[in-house]
Amino acid sequence: SSQGVLLTASDDHTAALVESSTGAVLCRFQGHASSVRSCSFSPSEAEVLTVSSDETGRIYSLSGETLGILKGHGGLVVDCDWSVRGFILTVSSDNSAKIWNRRYIRMPPSLGAALDETEFLGMSLSSDGSVLHVLNKNLQIARFCSPFNAYGGFSPTEIVQCKVENDITSASLSYDTKFWAYCAYDPSVTVVDASSGAIAKKLDSGTGAN
């Protein structure tokens, strides 16, 4: 964050607010019934969002108070993001991504039907909130334009198929949205061009990635 603190997610069912210079835990966010998979600050950095293998998301104050619970996914919730407009995004192993209204904690239509019925690995929202990027386990990259202005459902503006060589465990989109990097059970990290799906680089990490 801009205040020099970090958010960490853990298999011990908690997330933590950590002082970046000392490593001291300033607050621990509790309440999930399984591993916390991802976490994010709100745009104002006044709240914290966590998602978990217990199929829920949670919103906390910086003091650790639970402010809201996001229920609606039918599988592990694996990633999350918080848009500058205040909407919350989550993706799940139930083959769906969801957009939530923070003010009301309610769910507009799901994004999952647009892609193969397979697990989502990651997502990222452009800095201006105009494009949502989603990657699934079959390495299909989908782009959804103006996701917050759609009321009757969502259709991707583009779907790109990447080359799949190994079972994928996790993925992340670069800040400029030009490349996806994904990890596999073998000791490698693969970087693919987000526009074409072509492999741009392959790195040997030395150990199996997770």
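Here are some notes on the fold, the cavities and a handful of residues in this predicted model.

1. Ground rules. Residue numbers start from 1 along each chain as its sequence is written, and side-chain values use heavy atoms, with hydrogens and water left out. Since the model is predicted, local features need pLDDT of at least 70 and side-chain atom pairs count only at pLDDT 80 or more, while totals for chains, interfaces and linings use all residues.

2. Overall make-up. The chain has 18 strands and 0 helices; both are DSSP runs numbered from the N terminus, with helices being H or I of at least four residues and strands E of at least two. Of the 210 residues, 47% are buried, where buried means under 20% relative accessible area, exposed means over 50%, and partly exposed is in between (1.4 Å probe, protein chains only). The chain exposes about 9,900 Å², and carbon and sulfur atoms supply 47% of that area. Those areas come from the Shrake-Rupley method with a 1.4 Å probe, and for residues only the protein chains shown count as cover.

3. Contacts along the chain. Take the contacts with a separation of 6 or more: 34% of them are between residues 24 or more positions apart. A contact here means heavy atoms within 4.5 Å.

4. The lining of the largest cavity. β6 (56-61) and β7 (66-71) each supply at least two lining residues. The lining includes Thr-56, Gly-57, Leu-70 and Lys-71, and also Val-51, Glu-55, Gly-72, His-73, Val-77, Thr-90 and Trp-100. By class, the lining divides into 4 nonpolar, 5 polar and 2 charged residues.

5. The aromatic pair. Rings of Phe, Tyr and Trp (its six-membered ring) pair if their centres lie within 6.5 Å; planes under 30 degrees apart count as stacked, over 60 as edge-to-face and the rest as tilted. By this rule the count is 1 aromatic pair. The ring centres of Phe-29 and Tyr-60 are 5.2 Å apart with their planes at 45°, so this pair is tilted. The pair links distant parts of the chain, with Phe-29 in strand β3 (residues 25-29) and Tyr-60 in strand β6, 31 residues apart. Phe-29 and Tyr-60 are both buried.

6. Ala-15. This one sits in strand β2 and is buried, at a relative accessible area of 1%. Leaving aside neighbours within four places in sequence, Ala-15 is in contact with Thr-8, Ala-9, Cys-27, Arg-28, Phe-29, Val-36 and Thr-50. Thr-50 is 35 residues away along the chain, with a C-alpha separation of 7.3 Å from Ala-15.

7. Two positive phi values to look at. Most residues other than glycine have a negative phi. His-13 has phi near 80°, in the loop between β1 (5-9) and β2 (15-19). Asn-95, with phi of about 75°, lies in the loop between β9 (87-92) and β10 (97-101). Are they buried or exposed, wholly or in part? His-13 counts as partly exposed because its relative accessibility is 33%, whereas Asn-95, at 19%, counts as buried.

8. Val-134 is in strand β12 (residues 131-136) and is buried at 1% relative accessible area. Its C-alpha is 8.6 Å from that of Val-91, 43 residues apart in sequence. Ser-170, in strand β15 (residues 168-173), is partly exposed at 24%.

9. Ala-198. Look for Ala-198 in the loop between β17 (188-193) and β18 (199-204), where it is partly exposed at 40% relative accessible area. Beyond neighbours within four places in sequence, Ala-198 is in contact with Val-191, Val-192 and Asp-193.

Methods:
1 Å grid on protein atoms, 1.4 Å probe; cavity = no way out; pocket = protein on both sides within 12 Å on 5 of 7 lines; lining within 4 Å. Nonpolar A, V, L, I, M, F, W, Y, C, P; charged D, E, K, R; others polar.
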